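Good morning, and thank you for the time. I would ask you to keep the structure in view while I speak.

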Amino acid sequence: MTHSSNKYILIVTAAALLSACSVTKKYERPSTISTDKLYRDQASADSTTMANMPWQTVFKDDRLKALIQKGLDQNLNLKNAIENIVQARASLRQTKLAYYPTLNVDANVTRTKQSEAGLNFPAGININTLTTTYKLGLSTSWEADIWGKLSSSKRAALATYLSTDAAKQAVQTQLISDIANNYFLLLAYDKQLEITRSTLESRIKNVEVIKALKEGAIVTGASVVQSEANQHAAEVLIPDLKRDIRETENALNILLGQPSGPIERGTLGDQVIPEKLEIGLPAQLLENRPDVRQAEFDFRTAFETSNMAKTYFYPSLTLTASGGFSNLQLTDFFTNSVFYSLIGGLTQPLFNQGLNKARLTSAQSRQMQAMNNFQQSLLVAGQEVSNALYAYEMAVEKEDSREKQIEALTKAVDFTQQLLEFSSATNYTDVLTSEQNLLAAQLSSINDNLQKLQAVVDLYRALGGGWK
């Protein structure tokens, strides 16, 4: 090879290396992704957020904390998410190995029988047409990352790995939220069952009172029948509440990755929530929300895939080398048997432009979809924070009015019962209405408390708490 041809190859290679930066681009977070006004009617300049609180601090109930820890240890969805990380890590290692040359060992014996007529040698020449060749060699091949294809592949694999890690964190935050919400729901059902049973006991006694009043000709038989119907109205609530309790226990056991059974728990009145709900800045969702981070990593994967698609328009530089020993005799195999070859070349497919264009178009379209998903994940995150915070505020707003309602209805029940017994100014319909309204208000009060507790759980998850 002449000096001028060597110089030409060096110039071409240098030009290729310098132009590589124009083929693939460096990732930057899209400027269209905005976090402004994600929290409706909430303007905060404080970066303090409850998302940074460990879940052991957010939840005070020791029984609940034990359940959450068991769920983190045993939940099957979380275990599958961890296996996804293992698979992505293995793929990442594969892309890193692409930077290194391949190395193959070739050891073979070839026995060949030639046709004398096919060799077409002149008559009288004695040729051995049966030969055995012994060969032992090494071969290696290495592709130079001129256009950044291998680098983009590695970065795409890394983004995929980080996406699976973020997905696992998202499963964890959702798991903690689901366990806590179902736990609080179970406590609410317990409290509703307790109140309903107490109400039933009161109504059973009330039936006896009404029967006595009828014997005294103070009320009619219709009042007795109404009091019995009122008793049964409370009775029919109990089986439904028992069923709700059983189903919630079963749902919790699924989250814990264990067969159905009773759940050890505390009481609704013993639950304590953080005194101050700090939401921080909307921009912090980009780092705190695992699903938002997962969406960005998915976008980065699609971005690097587009980079790789661009490199197919350019030639690939491959260096190949092979060498070893080849001999017709095994006895002196290593004598004068050395062979080797060195090949370096640029490969450019001639008829793949249509395929390359289609590949690039598909990759860029998937990249646009991934960016839309990224934007959507942020909007959903802001919505969930706003909804949870507002649900908490509305539950707190109802507390005082609900307490006054129950107090008034309790007095109404007492007054109408006394009037029914000692005065003709009322009838049993008034007693019936006030008792039914009181029970409904008491059950609604429990739901208000449940709404407040679950709103705190939902806010904690919406801000991205539970995985750190």
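This is a predicted model: local features need pLDDT of at least 70, side-chain atom pairs count only at pLDDT 80 or more; totals for chains, interfaces and linings use all residues.

Residues are numbered from 1 along each chain as its sequence is written, and side-chain values use heavy atoms, with hydrogens and water left out.

Let us begin with the sheet. Helices (H or I, at least four residues) and strands (E, at least two) are DSSP runs, numbered from the N terminus. Two strands pair if DSSP finds at least two bridges between them. Four strands form an open sheet, ordered β1-β2-β3-β4, with antiparallel pairing. β1 and β4 (338-347) stand at the edges with a single partner strand each, so one side of each has no neighbour in the sheet. From one strand to the next, the twist averages 20°.

Strand β1, residues 102-113, is joined to β2, residues 130-144, by 12 bridges. Within this pairing, Thr-102 has Ser-141 in β2 as its bridge partner. On the other hand, 11 bridges join β2 to β3, residues 316-327, and there Tyr-134 is partnered by Asn-327 in β3.

How many of the 12 residues of β1 are buried? The count is zero, where buried means under 20% relative accessible area, exposed over 50%, and partly exposed in between, with a 1.4 Å probe and protein chains only.

I turn now to the helices. α7 (residues 221-235) and α12 (residues 428-462) pack at an angle of about 10°, their axes 10 Å apart. Axes are lines fitted to C-alpha atoms, for helices over the stretch in contact, and angles run from 0 to 180 degrees between N-to-C directions. α7 is therefore roughly parallel to α12, a term for angles under 35 degrees. Ser-223, Gln-226, Ser-227 and Asn-230 of α7 meet Tyr-428, Thr-429, Leu-432, Glu-435 and Gln-436 of α12, contact meaning heavy atoms within 4.5 Å.

Finally, consider Gln-284, in the loop between α8 (237-256) and α9 (285-288). Why does Gln-284 count as buried? Its relative accessibility is 19%. Leaving aside residues up to four places away in sequence, Gln-284 touches Ser-47 and Thr-49. A polar atom of the Gln-284 side chain lies 2.9 Å from the backbone oxygen of Ser-47. The C-alpha atoms of Gln-284 and Leu-463 are separated by 8.4 Å, although these residues are 179 apart along the chain.

Definitions and conventions. A polar contact is a pair of N or O atoms within 3.5 Å; within protein, one must be able to donate a hydrogen and the other to accept it, and residues adjacent in sequence count only if both atoms are side-chain atoms. Angles under 35 degrees count as roughly parallel, over 145 as roughly antiparallel, 65 to 115 as roughly perpendicular and the rest as oblique.
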